Amino acid sequence: MSVQPQPWPQPDPQIAAAIRAMYRGKRETPLAVQVRDQLGELFPDAAFADAFGRAGKPGWSPGRLALVTVLQKAANLTDRQAADEVRENLAWKYALGLSLEDPGFDHSVLSEFRSRVVTHGSEERALDLLLERLRELGLVDAGGSQRTDSTHIVAAVRDLNRLELTGESVRAALNALAAACPDWVDQMLAVEDWSRRYADRIDTWRLPTSRAKQEALALDYAKDGYTLLQAVYAHGSPAWLRELPAVQSLRIVLVQNYTRTTAGNGHIRVKRRERAEDGGDGLPPSPIRLASPYDTDARWSAKRDMFWNGYKLHVSETCHPQADGDRPARPNIITNVTTTCSTLPDSKALDTIHQTLHRRHLLPARHYLDSGYPSADLIVSAAKTYGIALITPVLLDTSRQAKAQQGFAAHDFTIDWNNKQAICPAGKTSATWNNVVQEGVAKTVVSFAALDCIPCPAKEQCTSSRKGRRLSLHPRELTAAIRAARTEQQDGTWQRDYALRAGIEGTIRQATHTTGLRRARYRGLAKTHLDHTTSAAALNLIRLHAWWNGHPLDRANHSHLARLQLALAA
């Protein structure tokens with residue numbers, strides 16, 4: 001398809017007259033109508049033209065397809081339902097500038113549009129354009145306060161155990177080969193024999209219940225997989241078959257879950273991998289271990305008592321302190337969504353979030369985070385690189401003295417960085433000062449002489465070591481930052497200010513309940529991220545619609561018993 005960027009047509013006069021007649025008086029106009037009236041041509045065609053050709057059959061306007069995709073997420077519709085809305089809903093026709101007789105498009109156009117956007121790396125284009133328009137209107141800008149939190153996203157694939165994973169990987173490769181080159185499959189494989197085992201998907205309820213039979217079946221799946229790969233990599237086989245994603249997934253699954261050794265008689269022995277602590281050959285770490293042959297980006301992850309297969313979503317939004325019942329001067333706007341592998345720690349995603357906000361010219365002055373994001377290094381680097389103050393509880397001192405709140409903790413020692421020495425509460429000076437690297441982190445280890453510590457009257461309050469006291473310090477700037485943060489967060493004023501972060505929980509609830517973000521709609525990290533950015537744009541429009549009409553987004557629902565408890569507590 002080709003695209004010749006054109007301005008959106010003005011709303012059809014007939015449709016505009018019908019909208020005015022239907023929604024006069026106190027009736028609120030629909031979201032789609034207010035979006036067109038307030039924001040105009042939100043997604044120009046030129047912004048998406050690079051994903052389409054200049055020659056060929058003219059296609060539907062990509063800018064209007066982007067708006068359809070956002071409105072689709074706002075209403076949580078399927079592609080078929082969204083295409084029906086374009087044909088039947090006057091509010092959508094008004095927003096898109098369509099005539100009353102316009103037939104719309106086939107629902108498959110939306111899937112093709114998403115694929116083109118992902119292929120050309122434009123997953124964030126719609127959210128970028130919306131935020132740029134809101135910046136022009138003064139509804140969002142740099143500085144101020146923002147808050148960020150993460151939540152789990154369940155992948156759009158079945159959860160597979162290791163036995164199912166191997167069998168399903170063989171089945172996926174067979175189906176991919178049969179679709180790509182059926183003549184080769186017919187020539188190289190006994191199709192009837194393979195079809196008997198792999199025609200239907202591998203399900204737990206079809207597998208044997210005996211542990212011994214399951215182990216035998218796991219080895220049979222692996223041997224079939226190796227046989228299939230040997231045929232694919234044979235000298236006479238087309239080389240391009242090896243590049244099929246399903247074939248590569250099968251190869252990785254076999255490497256990660258099995259070992260092959262050659263005995264002295266030339267016999268090849270296939271063995272299932274087990275954990276190293278159980279005496280096995282070891283399994284790959286979670287960040288690289290495939291969980292499904294159909295979504296190679298999804299990973300198993302755990303957080304406290306929650307265990308899921310999928311991704312992790314980080315949501316950032318503006319936040320404005322306000323009195324209860326007051327209409328906010330500006331709505332809280334989602335400024336960024338970052339989709340990552342489920343095994344990536346929150347702290348590793350923070351710099352990417354700041355880089356994206358910097359690109360959008362929306363860096364906050366104060367960034368509210370939970371304790372999973374910060375580190376001493378991030379607190380210092382965020383202030384130095386972006387001028388952002390991270391408002392976040394840092395982890396407290398975990399030393400024995402600090403936990404017991406008795407004796408001398410590390411913060412009770414005076415550090416003289418210029419002279420490279422530390423002075424203990426008893427007035428003794430450290431004996432050694434060594435710069436080391438511990439677990440990849442640069443630190444300074446300070447030791448006190450045993451001759452000073454052993455006879456000291458305060459030794460029991462300081463250390464239980466038979467030698468002198470030792471301190472492990474971060475570099476000077478980081479140590480100062482983390483000590484200042486620990487001191488500051490004990491203050492009641494800081495705790496009341498930090499309460500502003502709690503609102504992000506409601507935003508995540510709104511995202512998961514309104515747009516169905518908890519479960520991914522698509523496979524792969526790129527398409528899942530496109531779904532998340534589109535959902536963020538949709539949530540922003542929902543919030544703007546509520547703000548334009550003076551309505552709160554949500555009200556707390558309490559039972560009669562809960563209301564009585566709150567009244568008594570007040």
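**Entry 1: strand β1**

I started with S150 and looked up its bridge partner in β5, which is H314. Strands here are DSSP runs of E with at least two residues, helices are runs of H or I with at least four, and both are numbered from the N terminus.

A note to keep in view: this is a predicted model, with local features needing pLDDT of at least 70 and side-chain atom pairs counting only at pLDDT 80 or more, while totals for chains, interfaces and linings use all residues. Residues are numbered from 1 along each chain as its sequence is written, and side-chain values use heavy atoms, leaving out hydrogens and water.

Back to β1, where I also checked the pairing with β7: it is parallel, over three bridges. S145 stands opposite R366 of β7.

Then I asked myself how many of the ten residues of β1 are buried. Ten of the ten are, so β1 is largely enclosed by the rest of the structure. Buried means under 20% relative accessible area, exposed means over 50%, and partly exposed lies in between (1.4 Å probe, protein chains only). I sorted the side chains by direction: S145, R147, D149, T151 and I153 point one way, Q146, T148, S150, H152 and V154 the other way, and all are buried. In a regular strand the side chains alternate between the two faces of the sheet.

**Entry 2: helix α13**

Next I turned to α13, residues 346–359. Its 14 residues should span 20 Å at 1.5 Å a residue, and the end C-alpha atoms are 20 Å apart, which agrees. The expected span is 1.5 Å times one less than the number of residues.

Which residues of α13 are buried? I found D346, A349, L350, I353, H354, T356 and L357. They lie on the same side of α13, because they cover an arc of only 165 degrees around the axis; the arc is that of the directions from the helix axis to the C-beta atoms. An α-helix has 3.6 residues a turn, so residues three or four places apart point the same way.

I then listed what these buried residues of α13 pack against: β1 (145–154), β5 (306–318), β6 (334–341), β7 (366–368), α14 (376–386) and β8 (389–391). Contact means heavy atoms within 4.5 Å.

I took a closer look at T356, which sits in α13. T356 is buried, with a relative accessible area of 10%. Leaving out residues up to four places away in sequence, T356 touches E124 and N336. After α13 comes H361, with a positive phi near 60 degrees.

I looked up α3 (residues 62–75) and α6 (residues 108–119), whose axes come within 11 Å and cross at roughly 105 degrees. The axes are lines fitted to C-alpha atoms, for helices over the stretch in contact, and angles run from 0 to 180 degrees between N-to-C directions. α3 and α6 are therefore roughly perpendicular to each other; the cut-offs are under 35 degrees for roughly parallel, over 145 for roughly antiparallel, 65 to 115 for roughly perpendicular, and oblique for the rest. The contact is made by P62, L65, A66, V68, T69 and Q72 of α3 with V109, L110, F113 and R114 of α6.

I traced an open sheet of three strands in the order β11-β12-β13, with antiparallel pairing. Its edge strands are β11 (432–438) and β13 (470–473), each pairing on one side only. Neighbouring strands of this sheet are turned by 25 degrees against each other on average, direction ignored. β12 (residues 441–447) pairs with β13 over four bridges, and V445 stands opposite S472 of β13.

**Entry 3: a loop glycine and the whole chain**

I found G266 in the loop between β2 (258–262) and β3 (268–272). At 48% relative accessibility, G266 counts as partly exposed. From G266 to K467, 201 residues apart along the chain, the C-alpha separation is 59 Å.

Last, I noted the totals for the protein chain: 22 helices and 13 strands. Its C-alpha trace spans about 95 × 85 × 55 Å along its principal axes. Of the 570 residues, 46% count as buried. Among contacts with a separation of 6 or more, 70% come from residues 24 or more positions apart.

Key. Two strands pair if DSSP finds at least two bridges between them.
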